[in-house]
Amino acid sequence: MAATNPTLHHSTRANLLERLGPHFVLIAYCLVALFPIVLIIMNSFKSRDGIFSAPFAPPTSETFSLIGYQTVFGRANFPNYFLNSLIVTGISILLILFFGSMAAFALSQYRFRGDVIVGLFLAIGIMVPIRLGTIGILRLIVSMNLANTLVALILVYLAQGLPLTIFILAQFYRQIPRELTDAAHIDGASEYRIYALLTPLVRPAIGAIGIFTMIPIWNDLWFPLILAPSDKTATITLGTQQFLGQFVSDWNAVLAALTLAMVPILLMYILFSRQMVKSVTAGAVK
Amino acid sequence: MQTPHAKSRSFPFHIVIFLAPAVIVYTVFMIIPLIDSLRLSLFTITDDKREIFAGLNNYVLLLTDPKWSAAFQNAFWNNVKFFIIHMVVQNSIGLLLASLLVAGGRARSVYRTLIFAPTVLSVVIIGFIWNLILSPLWGVGESVLKAVGLGALFAPWLGLAWSALPTLSLISVWQFIGIPMLLFYVALLGIPEELIEAARVDGASGWTAFWRIKFPLILPTVGIVAILTFVGNFNAFDLIYTVKGAQAGPQFATDIMGTFFYRTFFGSQLQLGNPAMGATVAGMMLLIILAGVIVYLFLWQRRVATYDL
């Protein structure tokens with residue numbers, strides 16, 4: 001893998017344009033990607049006049065205002081939505097990692113009758129979106145008396161997240177040198193002990209799982225809307241959606257709500273982005 | 001891979017224990033509901049809530065009865081347009097950005113992080129952000145276009161029948177471009193530097209080296225990106241619902257399979273919800289997605305040579 005800056009020094013013949021061209025385009029695209037986000041965050045700290053008279057200016061002492069945030073905290077259940085999202089995403093991802101690592105360990109370490117079939121059976125869940133079974137899921141959840149509960153969401157997200165997580169983790173388990181497992185067997189370790197020994201070694205997979213499993217759960221609108229639409233169980237995504245729909249003409253409140261919904265996940269992302277990309281790279285190159 | 005020996009004769013209880021939790025949850029909450037939903041698409045539900053077997057009648061209705069087929073075809077073709085715009089715009093810009101990133105030197109991790117940022121946000125947030133920016137009320141979009149001399153082009157794109165769907169598609173492209181970029185980037189990193197150096201020594205320009213050497217080598221990734229885009233697009237819902245509501249206006253101009261499914265199942269101001277027909281729409285979506293997957297697996301993956309680098 002050519003991870004570190006390989007040829008830049010060699011190509012002294014390359015002219016300036018060829019060297020700077022990529023940077024030029026990349027910087028331009030970064031502006032396209034960030035401009036809308038920055039614009040919203042910036043204007044959320046301004047008064048209504050400031051938002052409309054000078055949308056591109058950062059808040060000044062004259063236009064600075066927190067009125068939008070006051071409306072959001074006064075009217076909506078945002079802390080509660082946020083807590084619901086934390087509970088649902090947190091418990092889902094923990095269980096996905098636990099169940100998923102067990103299954104991935106088994107599929108990657110053992111040859112057994114039906115291993116291919118189990119693998120293919122799980123692969124259906126990677127290709128076929130779980131949403132297509134929504135009607136069946138809703139009937140099942142209602143019959144279990146779980147409508148409008150966070151448990152319903154957790155169970156569905158478990159089913160949704162497991163197939164891809166197992167696939168990613170199995171790739172990482174396969175990269176663990178065989179000698180390690182053999183040595184453990186010779187020392188008389190049980191299969192469960194070996195699972196416990198190997199699992200910390202697949203930690204680099206966490207980043208890829210974060211991108212492909214955790215973020216979709218946090219951001220999902222469909223299942224909260226259908227399985228748990230009550231205000232008490234609304235997640236941050238659903239809560240924001242409903243709040244924005246109601247306050248559509250209150251610009252201060254809308255901008256503040258958008259900012260509040262964005263900032264936590266952006267902070268998380270900036271904190272972990274390096275691991276995420278590294279993890280995707282490590283899983284794919286090989 | 002060898003079997004861990006000693007115990008392979010006796011029944012492998014440990015394998016069952018390792019697999020059981022994942023397989024059970026996945027089967028109960030995904031596979032069985034999916035089958036139940038498909039089963040329901042073969043039934044009619046009477047007014048007193050009895051289910052009567054109807055064979056493929058619901059599918060025939062959906063495809064031929066004027067009451068259903070016009071709405072279905074509208075949603076299907078809109079979804080095809082949605083997909084084509086993603087394939088052409090999102091994936092080609094994603095490839096361009098990825099190839100520039102590879103040449104991006106030290107700053108590339110910064111570029112990568114920034115360009116990927118919109119992808120981690122929820123579609124609800126993105127939908128509202130663009131709704132505000134394109135709103136003639138705020139005028140931000142218009143000011144930006146004026147600044148680059150294109151002010152005359154501005155129109156309330158999200159509200160006009162001809163432009164609403166392309167605009168929503170481009171918003172989605174803007175959000176998800178990070179995914180093809182990252183996948184192409186990873187694939188391009190996997191190409192050994194010596195290969196490119198050798199081509200350069202032989203006098204190939206950067207352009208030639210890209211299309212004659214790099215691109216053929218990342219064709220497997222092109223296929224993965226295409227099938228991911230296809231499945232994601234024919235399953236999309238959140239953006240249209242957030243910006244245009246379940247009615248997917250104006251006059252269903254932005255209706256795609258996901259919103260059509262939602263409306264059919266739950267009903268709307270204009271019609272009552274119909275679980276059996278909803279299940280039928282879901283069944284059609286499954287067929288469309290399976291068709292895409294089959295094309296990918298048998299027509300693309302079989303023909304594309306993979307090189308072991």
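Where is Asp255(B) found? Asp255(B) sits in the loop between helix 12 and helix 13 of chain B. Helices here are DSSP runs of H or I with at least four residues, strands are runs of E with at least two, and both are numbered from the N terminus.

Before going on, some housekeeping. This is a predicted model, in which local features need pLDDT of at least 70 and side-chain atom pairs count only at pLDDT 80 or more, while totals for chains, interfaces and linings use all residues. Residues are numbered from 1 along each chain as its sequence is written, and chains are lettered from A and ligands numbered from 1 in the order in which they are written.

Asp255(B) counts as buried because it has 25 C-beta neighbours inside 10 Å. The cut-offs are these: 20 or more other C-beta atoms within 10 Å of a residue's own makes it buried, 12 or fewer makes it exposed, and anything in between is partly exposed, with C-beta atoms placed from the backbone. Leaving out residues up to four places away in sequence, Asp255(B) touches Asn74(B), Ala75(B), Asn78(B), Ala248(B) and Phe260(B). Touching, or being in contact, is when the C-beta atoms of two residues, placed from the backbone, lie within 7 Å. Asn79(B) is 176 residues from Asp255(B) in sequence, yet their C-alpha atoms are 7.8 Å apart in space.

That loop also holds Pro250(B), as it lies between helix 12 and helix 13 (257-266) of chain B. A cis peptide bond joins Gly249(B) to Pro250(B), with omega at about -5°.

Most residues other than glycine have a negative phi, and most peptide bonds are trans. Two residues go the other way on phi, one in each chain:

**Chain B as a whole**

Chain B has 14 helices and two strands. Its C-alpha atoms fill a box of roughly 75 × 75 × 30 Å along the principal axes. Of its 309 residues, 40% count as buried. Take the contacts in chain B between residues at least 6 apart in sequence, and 66% of them join residues at least 24 apart.

Inside chain B, helix 1 and helix 14 pack at an angle of about 115°, with their axes 7 Å apart. Axes are lines fitted to C-alpha atoms, for helices over the stretch in contact, and angles run from 0 to 180 degrees between N-to-C directions. Helix 1 and helix 14 of chain B are therefore roughly perpendicular to each other. On this scale, under 35 degrees is roughly parallel, over 145 roughly antiparallel, 65 to 115 roughly perpendicular, and the rest oblique. Helix 1 of chain B brings Ser37(B), Leu38(B) and Leu40(B) to the contact, while helix 14 of chain B brings Pro275(B), Ala276(B), Ala279(B), Ala282(B) and Gly283(B).

**Where the chains meet**

What does chain B put against chain A? In total, 68 residues of chain B are in contact with 76 residues of chain A. Helix 1 of chain B gives the most to this side, with 17 residues. The residues on the chain B side divide into 51 nonpolar, 12 polar and five charged. Here Ala, Val, Leu, Ile, Met, Phe, Trp, Tyr, Cys and Pro count as nonpolar, Asp, Glu, Lys and Arg as charged, and the others, Gly among them, as polar.

**Inside chain A**

Helix 4 (residues 78-109) and helix 10 (residues 206-219) of chain A have axes that come within 9 Å and cross at roughly 155°. The two are therefore roughly antiparallel to each other. Helix 4 of chain A contributes Ser85(A), Thr89(A), Ser92(A), Ile93(A) and Ile96(A), and helix 10 of chain A contributes Thr213(A), Met214(A), Ile217(A) and Trp218(A). By type, the residues of this contact are five nonpolar, four polar and no charged.
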